[in-house]
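Subject: The structure we talked about

Hello,

Here is the structure I promised to pass on. Have a look at it first, and then read on for what turned up.

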2 protein chains.
Amino acid sequence: MPFCIAVYDVNQKRTGKMLKLFRRYLTWVQNSVFEGDLTPAQLKHLQQEADVLLQDNDGVVFYQLRDERYVERIALGVDITNRSRFL
Amino acid sequence: MPFCIAVYDVNQKRTGKMLKLFRRYLTWVQNSVFEGDLTPAQLKHLQQEADVLLQDNDGVVFYQLRDERYVERIALGVDITNRSRFL
């Protein structure tokens, strides 16, 4: 399954809308960081919806992996997702 | 070359120290998000240094990829790293 890490940096006015949007598609990791399984079609929809919200100096970065197996996830300290493979 | 995405969520008292530490190893993407090429040895050092700084509810997540080629990086809006492959 393709795996996606998404991060955004937007004006405070839009953080609420962005959080709501990204949580519809992904798991919230921390602050403005999300991860989860997304098909290429789902990723495209999320990108389109995010693009509509972006203004001024807002920015979003998506890291898309073809397969979750390509990534090793290591968490130190508190991890709200509880998805770590190594602690 | 192995590629690393690192994100942290720490108490405001420690954001300065964390930023300084992570910038020694990686490129700053936005807020508390970093990326870059790291060998397994470098990643281990960064983890050890971060672990010393963590307190209370602080958390750090590292996503380590064996090779940068496994990830497709897509940026929308402002991207301070200018490393996007697609815009």
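This is a predicted model: local features need pLDDT of at least 70, side-chain atom pairs count only at pLDDT 80 or more; totals for chains, interfaces and linings use all residues.

A polar contact here is a pair of N or O atoms within 3.5 Å; within protein, one must be able to donate a hydrogen and the other to accept it, and residues adjacent in sequence count only if both atoms are side-chain atoms. By that rule, 16 residue pairs (both at pLDDT 80 or more) are in polar contact across the interface of chain A and chain B.

Residues are numbered from 1 along each chain as its sequence is written, chains are lettered from A and ligands numbered from 1 in the order in which they are written, and side-chain values use heavy atoms, with hydrogens and water left out.

**Between the chains**

Contact (heavy atoms within 4.5 Å) links 38 residues of chain A with 38 residues of chain B. Strand β4 (residues 59–65) of chain A and β5(B) pair in the antiparallel sense over seven bridges; strands are DSSP runs of E, at least two residues, helices are runs of H or I, at least four, both numbered from the N terminus, and pairing takes at least two DSSP bridges. In this pairing, Val60(A) stands opposite Leu76(B).

Buried means under 20% relative accessible area, exposed over 50%, and partly exposed in between (1.4 Å probe, protein chains only). Five of the seven residues of β5(B) (residues 71–77) are buried, so this strand is largely enclosed by the rest of the structure. Gln47(B), in helix α2 of chain B, is buried too, at 16%.

**Helix α1 of chain B**

Met18(B), Leu21(B), Phe22(B) and Tyr25(B) are the buried residues of α1(B) (residues 15–25). The face turned away from them carries the exposed Lys20(B) and Arg24(B).

**Salt bridges within the chains**

Asp58(B) pairs with Arg14(B), with the closest N and O atoms 2.5 Å apart. Asp58(B) lies in the loop between α2 and β4 and Arg14(B) in the loop between β1 and α1 of chain B, so the pair ties together parts 44 residues apart in sequence. In chain A, Arg14(A), Asp56(A) and Asp58(A) form a salt-bridge network.

Best wishes

Notes
A salt bridge is a side-chain nitrogen of Lys or Arg within 4 Å of a carboxyl oxygen of Asp or Glu.
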